[in-house]
Amino acid sequence: MFTTIISSIVAFASTNVDDIFILMALFSQIRTAKVTGSEAAVLTKPGLRTRHVVIGQFLGFTSLVTLSIIGALSSFFIPVPWIGMLGFVPIYIGVKGLLTLRKGKEEDEDVPSILGTGSVIKVAAITIANGGDNIAIYIPIFASQSISHNAITLIVFFSMLALWCFLGYALVKAPIAAKVLERYGHVTVPIVLIGLGLFILYHSGSFSLLRF
């Protein structure tokens, strides 16, 4: 159970670090959209509320998890070790991230596209659009675990999502912490993804397929 909890935390954190910046951008919209024409009146941007961001995140993430579980059900037809080969996806993403760092280039966050977002559906759409790597990594995790361990993973995932929403909101008010995360996050995440990919390959028994 302890291993399941730790691997679930690592899987969520490594696939959702970029979501912290998206959440910060959304929450900062709500914060900066306040207009103080007078000390007595404070108006916020119509249509965009904190609850929209939170509900949209949960709705989008639930969709990603649902798709991952559907994909994991293919384990009834496809052996788990073969599904576990998807572990190469986070390894590829991690290696690509390290090579990007070596070249001194940084990938731009899709911040402009979320400016002006003002509904639950749009926030959920952003979460889903940004979750391709989530599905690829979550499928072998769900496929290689028992139902009870998958239930634990789901509890951890949604608990972490609530924590993510809180951190995104809190970091808007703590720019120094946000700068630290932005400065070192892109360095540690590729390494964590490579480790997670290796764990998936091992946990799914996929290394046996690589023997010649």
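This is a predicted model: local features need pLDDT of at least 70, side-chain atom pairs count only at pLDDT 80 or more; totals for chains, interfaces and linings use all residues.
Residues are numbered from 1 along each chain as its sequence is written, and side-chain values use heavy atoms, with hydrogens and water left out.

The protein chain contains eight helices and two strands, where helices (H or I, at least four residues) and strands (E, at least two) are DSSP runs numbered from the N terminus. Followed along the sequence, these elements come in the pattern α-β-β-α-α-α-α-α-α-α. Of the 212 residues in the protein chain, 39% are buried; buried here means under 20% relative accessible area, exposed means over 50%, and partly exposed lies in between, with a 1.4 Å probe and protein chains only. If we take the contacts (heavy atoms within 4.5 Å) between residues at least 6 apart in sequence, 84% of them join residues at least 24 apart.

Inside the chain, the largest nonpolar core has 34 residues, a nonpolar core being a set of buried Ala, Val, Leu, Ile, Met, Phe, Trp, Tyr and Cys residues joined through side-chain atoms within 4.5 Å. The elements that give two or more residues to this core are α1 (2-32), α2 (50-72), α5, α6, α7 and α8 (175-203), and the largest share, 10 residues, comes from α1. Phe12, Phe61, Ile137, Tyr138 and Phe157 have the most contacts inside the core. For Phe157, once neighbours within four places in sequence are set aside, the contacts are Ser8, Ala11, Phe12, Phe61, Val65, Tyr138 and Phe142.

Two of these partners lead us to a pair of helices, for Tyr138 and Phe142, together with Ile141, are the residues of α6 that meet Asn150, Thr153, Leu154 and Phe157 in α7. The residues of this contact divide into five nonpolar, two polar and no charged, where Ala, Val, Leu, Ile, Met, Phe, Trp, Tyr, Cys and Pro count as nonpolar, Asp, Glu, Lys and Arg as charged, and the others, Gly among them, as polar. The axes of α6 (residues 132-143) and α7 (residues 147-173) come within 10 Å and cross at roughly 145°; axes are lines fitted to C-alpha atoms, for helices over the stretch in contact, and angles run from 0 to 180 degrees between N-to-C directions.

Leucine 196, in helix α8, counts as buried because its relative accessibility is 4%, and, not counting residues up to four places away in sequence, leucine 196 touches Ser7, Val10, Ala11, Ser14 and Ile137. Serine 74 lies in the loop between α2 and α3 (80-83) and counts as partly exposed because its relative accessibility is 23%. Lysine 173, found in helix α7, counts as exposed at 52% relative accessibility, and lysine 173 and serine 28, although 145 residues apart in sequence, are 8.8 Å apart in space, C-alpha to C-alpha.
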